[in-house]
Every structure is written in structure tokens, then in C-alpha cells.
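I opened this notebook to record what I looked up in one protein model. The sequence and structure come first, and my entries follow.

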Amino acid sequence: MRRHLLQLFLLWQVLAFCHAAQPQQKVLATDSGKDHKEDSFRAEVIASQDAVQAVQPGADLVDSALAELRKIYTPLHHRIRRSHGILGTVLDLALKALPRLSLTAPPAPETSKPALSGPLLHATGLLEEAARKNNSDALYILAELNYYGNYSHPRQLKSAFDYYQKLANLNGNSSAMYMIGLMYSTGVGDAVERDQARALLYYTFAADQGHTRAQMTVAHRHHTGIGTPKNCQAAVKYYKPVADKAIAWFQSGPPGGMSWIAQSYKISDELGGIYGEGASFSSAGQNALKASPNSDAYASIEDIIEYLDLMAQKGDFKAAFNLGRIYYEGQRALPRNLDLARHYFTKVTKLFWKNGRIVDNYKPGLDKTACKAAGYLGRMYLRGEGVEQSFKHAMFWFDRGMTHSDPQSAYGQALMLLNGYGVARNVPAAIERLKIAADARDADYAPAQVQLGALYLDQGNDEDLVAANSYFEMAFRYGNIEAMYYLAEMQYHGVGREKSCSTAATFYKAVAEKAEPLVSSWTEANLAYEANDKELAFLEYLGLAEQGYEKAQSNVAFMLDPEQSMLPLPEWLSPSAKKPALLQNPSLGLIYWTRSAKQGNIDALVKMGDYYLDGIGTSADIDKAVQCYTGASEYHQSAQALYNLGWMHEHGVGLNQDYHLAKRFYDSALDTNAEAYLPVTLALLKLRAKSAWNTLTNGRINSIQDEPVPKKDWSLSEWINNFLQDEQVYYDDGQYDDDLYDDVMPGGDSGIGDMDDGLLESLLIVGLAAALVFLVLYRQQRQQAARRREEGERGHQPQQDQGQPPQQQQPQAQPQGGLFPQPGDPDFGQWAAGGVGH
């Protein structure tokens, strides 16, 4: 009965979506706008400029409410994060370490309706009045206020779900259906019971209407098999439209395409990984940050900029150029500053060009650096970044950059010649410059490789397709979004590459996720986290995790992880350490650890094992824990997983109790990560003591045994080769710099002592070995010659005795040669070679 009621309900939902009576006014987060980019500040209604729409009832109330909300709203994007230097970081850590003995009042009793005041109260009242008139904008804004807590509105997820549900039933709003699917998928805040089937249904409804984030979510579910069997074709069906949008958006920018600062990152990486610095796979072993004492690996960006600025003021042109690049490209902790970038690039060029000509006696390396700086200046004028767009000035700087065949300058000129920007269109000259930029030895330029590959792809011949594929693959190494898109298209359609749906889906996914400003809210999530609004950051990361971002999945799981520290402080020392109720959901954390692990996160796989071992967020399952640890320990990837397997063998938890196998895993953990020396050493000391007691008492556990050392019988040639290799390793161990002793002592003879003593010893040993071999061979030859003579004498003796009467043989007298054979005697050769007694 219940099943039939559900089917009837879903059928009614479909009919309501297909026969919406009222037109849908575009509000924030819808994707129907042609050039609309989804805005994360969800309280703004987007006016449609593509078509004239009927005014909804209560529209004036919505306008009045927005006017009230603007009085109290401070956009998050106005808060620019500033990283602290060394002193600031130390001070922050010291303040956090101090105990806070604050008195807290009892929690206020929860009321059914949150207390509002001022403009927020007035705006909410207006919106509720408009919502009663079925105004879609009012319903959506109220839902966003209750879900995200915008304008400091109290967060009420159940109320948000009701508003989204009412809006979806009203006119099939794609954003509302996407949010309903999100809440069914996660069960966040216990607003609804988690239901993956319903989640996929609502996600699909929104995706079929072109909702970008819903399309990515549905594609990710089909790609990885979440709530549905894996289906590569279905994944491509939804990933490809998003990739098409991403490329269209990228190419709609200035010459060369859109530029942006990547905002996606893992929260745990700021702390050295999920298990901390040195214990996590992401910060241990081959991924460890191995910095020299003079390295800036651990320095903040402010300290680096301060140092480079000081060196630039002293005339260091490389420091000035690097400062220009930092300000031009920007990074997550530092916004772009095009004015400063142009200042430093110009400063470098003035050191090389004065009064229109190259200066005399310039510093070594200044020529190439100045040409690179000229290339950046040309790019800024070509794109109109920080300056008024001027093709004339762009060509001027590109010409200067081509003095030393700067790849960026060559690419800029190629774009101008290819598209006729300020110059006559000249395709052959453009291709020539593209090859200069794409095939540069010191720094092949990815955008030039993509442009050149696209030109070859247009030709369509087999040889051209091979060349296009080669250029796209070279550009893909640098993460170029266009290269990934072209490879996806070639792979999916089987043009120039073997047709492969799975590989194409992976490329399409990478393209979609790379266009962060278009399809995601990474910036808002990061700003909320840095502002210590953990609940808002969690909700933002949750949506990104549903879209398939592995880093967001790791962030969600990390924020939900109840065991981030093995030594938690008591509540009276740190009253704010308690997580809000929204973040106390370990079962949801396990879901996202699993999804992150499926995308290659080794530490997430180890975390899964911890959850199954201790029964966190699920019932304890030792077998699954062993599988997780074993998977993470393959190819010696995670020292933590190897250590855990050793512990399980030591105590017989889920595995056979075996001290010898436990020692093997402990040793492997130390071999994988040298920073595990202390815990592994302590574990081995305890293990050896237990093994010794087990041996003494004749216990049933397999004790530690000495590993048998295999022995190999070497031939003479193998022995000589191994000896010479060991000799070479001894003298060429690499611990000394080859140039350290190149200088000859004053007054000394440079030609004396050039012959290495180790080489002389090696040659002497080889000569003795060769002499020994010669003597052995000589001995064998003499023995064979003597044996042939004896056989010949025996053969002649019977012939001589025939025809003669038998005579009594007289004993022959022994020659008076003494104890040793005389020279010329057949036995002399055997005696000389050591054959006496044979």
C-alpha cells in the first residue's frame, strides 16, 4: 500500500512540474539565463532580460523586502582574507592554547518561531505575505534564508525544506528541486529522512531543466554508482552539457580565455593532512614537504612578498619579475593586483631597454627575464587587464618579447595574427609563432599547444589528428581546460583516439569541475570557514561534495569527524570546542569518507577503516576495516594503514594473532615513512618483549623469527663484477660535491695525482685474476698434452715387441731426479700446476 501511495505521489509531482500554471521568474541559482553565472549570495532576485515576464502577485512586497535586507547585508566577498606572518601565526596559536575560563548561562529554551527584530523582521514579514500569494521569488528567498542563514536569519532546515517543496510544487523550479534532492540525499539537520532514490529523482528533474549543479550531481552519481548502478553513458549525458557550458564561458572572455584563481582546497591540508603532519599520506613519504633550512616552503605569502620586494629594491630583477607574476596570477590567499603587477614588470623591462634600445653590459640573465616581463605586459594590453585594451601597445611589447623568442609573446602575436586583432589576418605567420611557443625547449606554452592542436584537428587527416592529439596531451599536463575538453571530445567520438566512454567521462568531469566560478560556490564556502562560520561553510561544502568535488567530500567528512584529536581538552578549558548539532553526524561523515576514498584519497580510506573498526557512524565491522587498511597499504602507500595492520596482527583483532607478521607490518610502516620511527620503535620494543615471553612459555602464537638470508653461489665473473660495483659505489657515493675540490693547490702540479687510487687497486685485482685464469688454463693444456704423449707411447710399444722372443724384463733403475720431477719430464707440468699426488 505504501509503495502504491509513493508512486501516485511521484506521478502527481511529475504532472505538477509539466503543467506549471504560472511562469517562472528567474531568481538566483537558476540556469535558464544564457550568460547567467550562478550567484552564491542567494537573496538577490535576478531580473530576466531575455523575455518579458508577467508580474507575479506580491512582487512589490518582494522589492520592499529586498530593500530592507540590503540595509543589513554585508557581502562575504568584501571580506578579504589576510594571512598572518610568522609572528601573527605564533600569536594566534598562543591565544588559542590559553584556557578560557568563561561563565556561560544555561541554554535558552528553543521556541517554535525564532526571534527577529529590525529590518530582518520587517523583510521576513513582507516575504511571508508575498509567499501566501504564491510568489515564487518570495518562496525561494525564504527557503534560502532558513537554509543558509543569510542576513543572520536563524537557520531552520525543516522550514527551508517546506518552502522548497512548496515552490517545486508551484511551478517546478529547478533550483528548488535541486535543493530538495540535496536534503533527501544527505538528511542534513534531520529535516527529512535520508532517501537516495528520491534524491536522484529530484536531482534528475532539475538536471533535465538544465540546472548546472544538478547536472553535475546526477552525472557524478551515474559515474560512481551512488544510489544507482554505474552507467557511463548516463554520466556523459549529464557531464557533457556542463563541459560545453564551461568551454563556452571560458572562450567568451578576453583574448586567450577567462582567467580565475582556483579556490578548491582541502581543509585538512592546512593541518598537514587528515592525521596531521607526517602521519598522513598527503604529507608523508614521497608527499612530504622536504625543505632545506633556506627554503621558503613554510613561509607565508606575506613574508615571501616582503623578502622579494626588498631584493627588488636592491636591483634584483628576478625578484621583481617574480613579484609581478605573484600579483598578476594571484592565489587563494592573495587576490590579484594588476596595478602592482604592471609596476614590477615595467621595472624589469626598464633595466634592459632604455631610450628604445638595449642597454650595454646588462647583467647575465636579464635579457630573458626582461623578454618574459614584456610578454606579460603585452598580454595585459591585449586582454585589457589593469589597463585600457590596446592592440598597438600589445604588439609593441610582444615584439620586444620576441627578442629572445618568449613563448608568451609568440602566442600573443599568434592570436593577433590569427584573429586580426589590430593587424591584418595572417594564418601562416600565426602558425609559425604558435610552433615557436608550443615547441619551446625551456618552457612549452600550453595555450599555444591547444591552439595549434585545434588547427591540426580542423584538417581531419590521420597525420593531422595524430599531431593534434600530441599537442592536446602536452597541454593536458599543465591542466589546461581546453586541452581536457578536446581530449574528451576525441575520446568520446573516437576521433584520433580509441573510443572510450569511461575516459571521456573522466575528462568531461575534469572540465566541469575546473570552471569553478561558473558551477560552484568554493569562494563562499572558504570565506565562511575562515570567518569561523562552520555551519554555513559545511552547508556550502555539502553542495560541492554532492557535485562530485573530491576535495569538498573530504572537507565535509573532516568537519563531521568526531576523532580529529586523540587528546581532547576538557570542556571547562575549551567551552567552544563542542561542535554544533549540525556537525554531529558521523554516519554522514562515513558516507563522504567513502566517496572521497573512491576518488583516490588514501587517508580517507584509512579513516573508513577506523570507523568500521570502532563502530563510528555504523556498526563495527572488523572485516571491512581490514579491507580498508589493506587497500590503503598496497604499494606501501600509507604508513598509518601498515601500522594498523601490524597492531591488528599483534592483538589478534580481525586477523590471526601473529607476532612475526606484526613485525613485518611495523617494519614496512617505517620503511614507508621515516617519521614513524618513534611509534614503530616503541611498538617493536613491546612486541619483542611479548614474543620473548611467548617463546619462553611455549605459547601458541607465532613468535618473531629471524628472516632467512638467501645465499647465492657466484661464478668468478659474477664475483669480479660485484666487487667492482661495490668499489665504484664506495668511491662514488655522491656525498661530496664534484666541484668542491676542482681547484688545484697553488704551486702544485695539476697533472700529478689525477689517477684514482681506487682505480689502480681495481686494475691490479683484475690483472691478478686474469693471471690466475691463465695459469689454470695453461695447467689444463699441459695435462692434456702429457696424457696424449703417454697414450702414443703405449700404442707404439706393442708394435715393437712383435717378432722378438720374450725376454725376462729387468727392473729399470729410477732416474736420479730426487723428490721433484726434472724439467722435461712429463710429470713436471702437473707438479708446476699443483698436480702432485693426482
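Which residues in α7 meet which residues in α8? I found that Ser174, Met177, Tyr178, Ile180, Gly181, Leu182, Tyr184 and Ser185 in α7 meet Gln196, Arg198, Ala199, Tyr202, Tyr203, Phe205 and Ala206 in α8. A contact means heavy atoms within 4.5 Å. I sorted the residues of this contact into 10 nonpolar, 4 polar and 1 charged. Here Ala, Val, Leu, Ile, Met, Phe, Trp, Tyr, Cys and Pro count as nonpolar, Asp, Glu, Lys and Arg as charged, and the others, Gly among them, as polar.

I noted the sources. This is a predicted model, in which local features need pLDDT of at least 70, side-chain atom pairs count only at pLDDT 80 or more, and totals for chains, interfaces and linings use all residues. Residues are numbered from 1 along each chain as its sequence is written, and side-chain values use heavy atoms, with hydrogens and water left out.

I then looked up the geometry of the pair. The axes (lines fitted to C-alpha atoms over the stretch in contact, with angles from 0 to 180 degrees between N-to-C directions) of helix α7 (residues 174–186) and helix α8 (residues 196–208) come within 8 Å and cross at roughly 160°. α7 is therefore roughly antiparallel to α8, a term for angles over 145 degrees.

Next I turned to tyrosine 239, which lies in helix α10 (residues 232–251). Is tyrosine 239 buried or exposed? Tyrosine 239 is buried, with a relative accessible area of 0%; buried means under 20% and exposed over 50%, with a 1.4 Å probe and protein chains only. Among the residues that tyrosine 239 touches are Met216, His220 and Tyr508.

Technical notes:
Helix = DSSP H or I, 4+ residues; strand = E, 2+ residues; numbered from the N terminus. Parallel < 35°, antiparallel > 145°, perpendicular 65-115°, else oblique. Lists of a residue's contacts leave out its neighbours within four places in sequence.
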